[in-house]
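Colleague: Thanks for making time for me today. Could you put the chain on screen and take me through it?

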Amino acid sequence: KRGNIYLSGAGPSAWHEEYPVAKGKRQSPVDINTNKTKFDPKLAADPLTIRFSDSCCQSIVNTGISFQVTSNGAGCELSGGPLDSTYQFAQFHAHWGAYLKTTGSEHTVDGVSYPAELHLVHWNTKYDDFKDAVDKPDGLAVIAVFFKRGKEHPGFGKIQDLFSKIPAKGAKVNIDFEFNPGLLMPPDSENYWTYLGSLTTPPLYESVTWIVMKEPLEVSVEQIAILRTLLWETPNGVSQMYNNFRPPVPLRDRVIRASFG
Ligand SMILES: NS(=O)(=O)c1ccc(C(=O)NCc2c(F)c(F)c(F)c(F)c2F)cc1
Ligand SMILES: [Zn+2]
């Protein structure tokens, strides 16, 4: 179906036809070549401050290309590290691959993919709201957390329990239990890479300061599989949602900074 940006036409490699910025100078995701990252002591000197609250997640929606847990941002703010302003939490979603495949994440590390990647999206409070911030060069900050196969993550499981309630694009349910997105941060969230990039889906605005956590979060193999129980429209009808990721694009004239030596 036309609506599926990953499966209609030639997919991500054709996005530039409608969104020329797809070939821009600060696009995302990218491969993080750890031989070319640069430790920046300023990042360690002014630690990233990530604050989430128990009451900040209101609802979960099937956006047609992922699930999205939406927040009013109350008590959820991001500052410090590479950021010159306070950013407020707006939503989290994820990107993942296909059964028995090793791909799935959007960013890669030394050419290696993870099975999935979580994005916690924040907007710069110097702007009026998310929509005002979304296309400004310093408008958004997104924390990326890689998922790796390991022990079950009960917290994320509580979000996945809602997937059956949002079977189709636009379906939305309220979250009537406390869920603190801080649960989705890896044990050590001091070590991260950061660079200036973009939204990884159209309109691909070059408005994102990316903060990619070095340490992945462990979830079970079953939980990775449950991601694919979400449904989306494809040219051949409704089917399981997977491979909703943009592959890495050229780094161009950018250096990825590390908060650790
Ligand atoms: N994968 S990611 O880089 O983390 C990413 C994060 C957010 C969005 C997004 O909000 N898109 C919809 C969207 C827009 F693209 C707008 F331009 C806008 F104004 C919105 F309100 C809006 F919801 C897209 C990609
Ligand atoms: Zn994303």
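**A walk through the strands**

Modeller: Happy to, and keep in mind that this is a predicted model. Let's begin with a pairing: strand 4 and strand 5 (residues 67-71) run antiparallel and are joined by five bridges.

Colleague: Which residue in strand 11 does Ile60 stand opposite?

Modeller: Strand 4 also pairs with strand 11, in the antiparallel sense and over three bridges. Strand 11 takes in residues 172-174. There, Ile60 faces Val173.

Colleague: Which residues is Pro181 in contact with, leaving aside neighbours within four places in sequence?

Modeller: A contact here takes heavy atoms within 4.5 Å. With neighbours within four places in sequence set aside, the partners of Pro181 are Phe52, Ser53, Cys56, Cys57, Phe89, Phe92 and Leu120.

Colleague: How far apart in space are Pro181 and Val249?

Modeller: In sequence, 68 residues separate Pro181 from Val249. In space, going from C-alpha to C-alpha, the figure is 28 Å.

Colleague: Let's turn to strand 10. How many of its residues are buried?

Modeller: Strand 10 spans residues 140-149 and is mostly covered. Of its ten residues, the buried ones number eight.

Colleague: In which sense do strand 9 and strand 10 run, and which residue in strand 10 is opposite Trp123?

Modeller: Strand 9 (residues 116-124) is joined to strand 10 by eight bridges, and the two run antiparallel. Across from Trp123, strand 10 has Leu140.

Colleague: Which residue in strand 13 stands opposite Ile143?

Modeller: Strand 10 and strand 13 (residues 208-213) run parallel, with five bridges joining them. The residue facing Ile143 is Ile211.

Colleague: And in strand 14, what is the bridge partner of Phe147?

Modeller: Strand 14 (residues 217-219) pairs with strand 10 through three bridges, in the parallel sense. Within strand 14, Phe147 has as its partner Leu217.

Colleague: Stepping back, how many helices and strands does the protein chain have?

Modeller: We have visited some of the strands, and the complete tally for the protein chain is five helices and 17 strands.

Colleague: Why does the radius of gyration agree with a compact globule?

Modeller: For 261 residues, a compact globule would have a radius of gyration near 18 Å. The protein chain agrees with that because its own value is 17 Å.

Colleague: Last one: what share of the residues counts as buried?

Modeller: The share is taken over the 261 residues of the protein chain. Those that count as buried make up 52%.

Terms used:
Residues numbered from 1 in each chain as written. Chains lettered and ligands numbered in written order. Predicted model: local features only at pLDDT ≥ 70, side-chain atom pairs only at ≥ 80, totals over all residues. Heavy atoms only, no water. Helix = DSSP H or I, 4+ residues; strand = E, 2+ residues; numbered from the N terminus. Rg over C-alpha atoms; globule rule 2.2 N^0.38 Å. Buried < 20%, exposed > 50% of the residue type's maximum accessible area, 1.4 Å probe, protein only. Pairing = 2+ DSSP bridges.
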